[in-house]
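Colleague: Could you take me through one part of this model closely, the disulfide and the residues that are of interest around the strands and loops?

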Amino acid sequence: QVQLVESGGGLVQAGDSLRLSCAVSTRTFSSYRMAWFRQASGKEREFVASISWSTGSTGYADSVKGRFTISRDNGKNAVYLQMSSLKPEDTAVYYCAARLVTTTKYNYWGQGTQVTVSS
């Protein structure tokens, strides 16, 4: 079981930076791969970035490569999404998610945090 709580969303201007945090509660951190997804109004939820809790290996959607960085802090039991050079099209509800490394489906989700980027 995994509990996820996001924070750090807000209203920013285009070009600004913002860092999202995800507090993670579980007994077996190394069993999971963590990710950030986002869902814009009227659109489907889409993958943003992921990271292995044990190895730190990362993956990114093409739309955010070079602008967003996912990281984890084992000591603080947290996952972060550092977002830079934000664009209005980055506006969405951002969700922290987790899946067992033995599966392909993310089935643990946080409640989401709103990020709004004004032009």
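Modeller: What follows begins with the disulfide and then turns to a strand residue and some loop residues.

This is a predicted model, in which local features need pLDDT of at least 70 and side-chain atom pairs count only at pLDDT 80 or more, while totals for chains, interfaces and linings use all residues. Residues are numbered from 1 along each chain as its sequence is written, and side-chain values use heavy atoms, with hydrogens and water left out.

The structure holds one disulfide, a term that here stands for a pair of cysteine sulfur atoms within 2.5 Å. C22 and C96 form this link, with their sulfur atoms 2.1 Å apart, and it joins distant parts of the chain, since C22 belongs to strand β3 (residues 18-25) and C96 to strand β9 (residues 92-100), 74 residues apart. Strands, as used here, are DSSP runs of E with at least two residues, numbered from the N terminus. The link of C22 and C96 is left-handed, with -85 degrees about the S-S bond. C22 counts as buried because its relative accessibility is 0%, and C96 is also buried, with a relative accessible area of 0%; buried means under 20% relative accessible area, exposed over 50%, and partly exposed in between, with a 1.4 Å probe and protein chains only.

Strand β4 (residues 32-39) contains R33, which is buried yet has no salt bridge, the nearest side chain of opposite charge being D62 at 13 Å. A salt bridge would need a side-chain nitrogen of Lys or Arg within 4 Å of a carboxyl oxygen of Asp or Glu; for charge, Lys and Arg count as positive and Asp and Glu as negative, with His and the chain ends not counted. The side chain of R33 is instead joined to that of S50 by a polar contact of 3.0 Å, meaning a pair of N or O atoms within 3.5 Å, where within protein one must be able to donate a hydrogen and the other to accept it, and residues adjacent in sequence count only if both atoms are side-chain atoms.

In the loop between β8 (78-83) and β9 lies D90, which counts as buried because its relative accessibility is 1%. Leaving aside neighbours within four places in sequence, D90 is in contact (heavy atoms within 4.5 Å) with R38, R67, F68, S85, V115 and V117. S85 is placed in the loop between β8 and β9 and has a positive phi of about 50 degrees although it is not a glycine; S85 is partly exposed, at 41%.

Notes:
Helices (H or I, at least four residues) and strands (E, at least two) are DSSP runs, numbered from the N terminus.
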